[in-house]
Amino acid sequence: MIQRVVSERGVISPQVYATSRIIVGSQFYGTANAVLSAAQFKELIGTIRSTQGIQEITAPSVTMKMGTQATVEMTRAAPPEVKDKFIGCKLELGTLKRDKGRLEVLIKPAFATDNGDALLIDPKAEPPDWSRVLILGTQASNLLSTGETLIAHLPVGEKRVTVLVTMTALRPDGKPATGFDQNLSLLSPDEN
């Protein structure tokens, strides 16, 4: 009985490691809501890096439990008297449920600017006119296997923003897991 209880309590689901890239250019890359394999992602990034006039932003990565949400922000917050406004980029990431080894993922990128197409915060810029700040958002969802990337598109003025979010399953020791459906033991056979 003790063996069974320890075994049941010592098993967890993998964590989800999310990395994001934001591509700002004159066109979209990939297809919205499409899923890229690791090889397709690498090929797309190679194409983007060899193109002139592209701005590539790597957002901070985040690790979360399955079934939870996380928000990655690269923003300048509005003063307290201005409600629900920011300037910059915000990515809401949600991991919904597992389905046959894949993870249902929802991403909601939002971009806010008071300066036309300028999406990045310029620390030397004058304080923004918060009444002119426009927030634009979109969303994408699909089922991902570990290491796959989801694509979202958003037009911002004359710019075309492509958001690429990669989700990887992680073991408790931080190493990649083989899939989102793999139950992981916290104990080694000796510890058990």
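E56 has 27% relative accessibility, so I put it down as partly exposed.

**Ground rules.** I am looking at a predicted model, where local features need pLDDT of at least 70, side-chain atom pairs count only at pLDDT 80 or more, and totals for chains, interfaces and linings use all residues. Residues are numbered from 1 along each chain as its sequence is written, and side-chain values use heavy atoms, with hydrogens and water left out.

**Overall layout.** I looked up the secondary structure and got two helices and twelve strands for the protein chain. Both kinds are DSSP runs numbered from the N terminus: helices are H or I with at least four residues, strands are E with at least two. From the N terminus on, the order reads α-β-β-β-α-β-β-β-β-β-β-β-β-β. The protein chain has 192 residues, and 38% of them count as buried.

**The sheet.** Which strands form the open sheet, and in what order? I found five, running β3-β10-β11-β2-β4, with antiparallel pairing. Two strands pair here if DSSP finds at least two bridges between them. β3 (35-36) and β4 are the edge strands with a single partner strand each, so one side of each has no neighbour in the sheet. I then checked β2 against β11: they pair in the antiparallel sense over eleven bridges. A18 stands opposite M167 in β11.

**Cores.** For a nonpolar core I took buried Ala, Val, Leu, Ile, Met, Phe, Trp, Tyr and Cys residues joined through side-chain atoms within 4.5 Å. The largest one has 31 residues, and M167 turns up again among those with the most contacts inside it, along with I22, L93, I107 and F111. Elements giving two or more residues to this core include β2 (15-25), β7 (102-113) and β11 (159-170). The largest share, five residues, comes from β11. Apart from this core I noted another, of nine residues, including L36, F41, L44 and I151.

**Salt bridges.** My rule was a side-chain nitrogen of Lys or Arg within 4 Å of a carboxyl oxygen of Asp or Glu. How many salt bridges does that give? The count comes to three. E56 and R21 meet at 2.8 Å, N to O. That pair links distant parts of the chain, with E56 in strand β4 and R21 in strand β2, 35 residues apart. R49 also bridges to E56, with the closest N and O atoms 3.2 Å apart, and R21, R49 and E56 are linked in a network. R49 has 56% relative accessibility, so I listed R49 as exposed. K90 and E73 make another salt bridge, at 3.5 Å between the closest N and O atoms. K90 lies in strand β6 and E73 in strand β5, so this pair ties together parts 17 residues apart in sequence.

**E148.** I ended on E148, which lies in strand β10 (residues 148-156). E148 is buried yet has no salt bridge, and the nearest side chain of opposite charge, R102, is 5.9 Å away. For charge, Lys and Arg count as positive and Asp and Glu as negative, while His and the chain ends are not counted. What does the side chain of E148 reach? I found the backbone nitrogen of S145, at 2.8 Å. Leaving aside neighbours within four places in sequence, E148 is in contact with residues including V35, L36, V165 and M167, where contact means heavy atoms within 4.5 Å.

Terms used
Buried means under 20% relative accessible area, exposed over 50%, partly exposed in between (1.4 Å probe, protein chains only). A polar contact is a pair of N or O atoms within 3.5 Å; within protein, one must be able to donate a hydrogen and the other to accept it, and residues adjacent in sequence count only if both atoms are side-chain atoms.
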